[in-house]
Amino acid sequence: MIHSLFLINASGDIFLEKHWKSVVSRSVCDYFFEAQERATEPENVPPVIPTPHHYLISVLRHRIYFVAVIQSEVPPLFVIEFLHRVVDTFQDYFGVCTEAAIKDNVVVVYELLEEMLDNGFPLATESNILKELIKPPTILRTMVNTITGSTNVGEQLPTGQLSVVPWRRTGVKYTNNEAYFDVVEEIDAIIDKSGSTITAEIQGVIDACVKLTGMPDLTLSFMNPRLLDDVSFHPCVRFKRWEAERILSFIPPDGNFRLLSYHVSSQNLVAIPVYIKHNITFREGSSQGRFD
């Protein structure tokens, strides 16, 4: 599916490339650079760029373009989601996803990309599974690897990789069992001069931090699930039960993960949590004024 991956910084330099099926020349990125020149803003570069022999699918994160080279036609959102997962994995491993952090940990970056894709197809994308395969870099581990010539790659296959629940490792034990769920919402609203809401919609996510012993099976219900549109779930969610009962039933991964993202459309009644009253005054005899 994905033949190559190019990382391009804000200056237009390719500072890292990875090939899986076959080596694709850097000249294929010329089509991306042409689209970048035509774009008025960095965010306006088309996410899908067709070329005579390939498709270029890209995302912009932390001022870095992640450009995937596809030879055959595939669902673009599938590739875009994978690229975002790559960025999130780098951020989880290195703390930040910047050009400097990637260059400082280039060996770990190549090891991660090798495990996340198998012959161009996504294989292991869960953070807790990857951390069993490839140990996160630390100062002590880096010094030991430099002296002994060893790597961060684990010697054993992750226990969850061969199970029906690949996102959770087996044998998890905690002294204190706890689970936290954070609901983060962004409201886009248009308010008229009298303070009345003309239109409003919500983009929301539910981030979870689960530290439970064993193989827990959790259930989460909502007061009014009909409000949620365009719901995107983590693979652990049982989709058939959601369709039938509108209840989230899942075996969670160990640690931090995003359970779901959703959208509340403007057709539903959205209550604005903050009220803002503006006051504009003009000074007599001048074009100046004040906005409060």
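Colleague: How are the residues numbered, and which pLDDT limits apply?

Modeller: Residues are counted from 1 along each chain as its sequence is written, and side-chain values rest on heavy atoms, with hydrogens and water left out. As this is a predicted model, totals for chains, interfaces and linings take in all residues, whereas side-chain atom pairs count only at pLDDT 80 or more and local features need pLDDT of at least 70.

Colleague: Which element gives the most to the lining of the largest pocket?

Modeller: A pocket is defined on a 1 Å grid over the protein atoms alone, as an open set of points where a 1.4 Å probe fits, with protein on both sides within 12 Å along at least five of seven lines, and its lining residues have an atom within 4 Å of a point. The largest pocket holds about 1,700 Å³ of space, a volume being the space filled by probe spheres set on grid points that are joined across faces, edges and corners, and of its 47 lining residues E81, R85, D88, F257 and R258 are the closest to the centre. At least two lining residues come from each of α2 (76–94), α5 (127–133), β8 (178–191), β9 (197–211), β11 (229–233) and β13 (255–264), where helices (H or I, at least four residues) and strands (E, at least two) are DSSP runs numbered from the N terminus. The element that gives the most, with 11 residues, is α2.

Colleague: How many residues of the lining of the second largest pocket are nonpolar?

Modeller: The second largest pocket, with about 320 Å³ of space, is lined by 18 residues, of which E185, F222, L228, Y262 and V264 lie nearest its centre. Elements giving two or more residues to this lining are β8, β9 and β13, and the largest share, four residues, is that of β8. Ala, Val, Leu, Ile, Met, Phe, Trp, Tyr, Cys and Pro count as nonpolar, Asp, Glu, Lys and Arg as charged, and the others, Gly among them, as polar. By these classes the lining of the second largest pocket has one charged residue, one polar residue and, as nonpolar residues, 16.

Colleague: Is D230, which has a positive phi, buried or exposed?

Modeller: D230 is a residue other than glycine whose phi is near 50 degrees, and its place is in strand β11. Buried means under 20% relative accessible area, exposed over 50% and partly exposed in between, with a 1.4 Å probe and protein chains only. Because its relative accessible area is 67%, D230 is exposed.

Colleague: Which residues are in contact with N105, leaving aside its neighbours within four places in sequence?

Modeller: N105 is found in the loop between α3 (99–104) and α4 (106–116), and its relative accessible area of 17% makes this residue buried. With contact taken as heavy atoms within 4.5 Å, and leaving aside neighbours within four places in sequence, N105 is in contact with F94 and P137.

Colleague: How many disulfides does the structure hold?

Modeller: C97 counts as buried at 1% relative accessibility, and C236 likewise at 4%. A disulfide is a pair of cysteine sulfur atoms within 2.5 Å, and the number of disulfides in the structure is zero.
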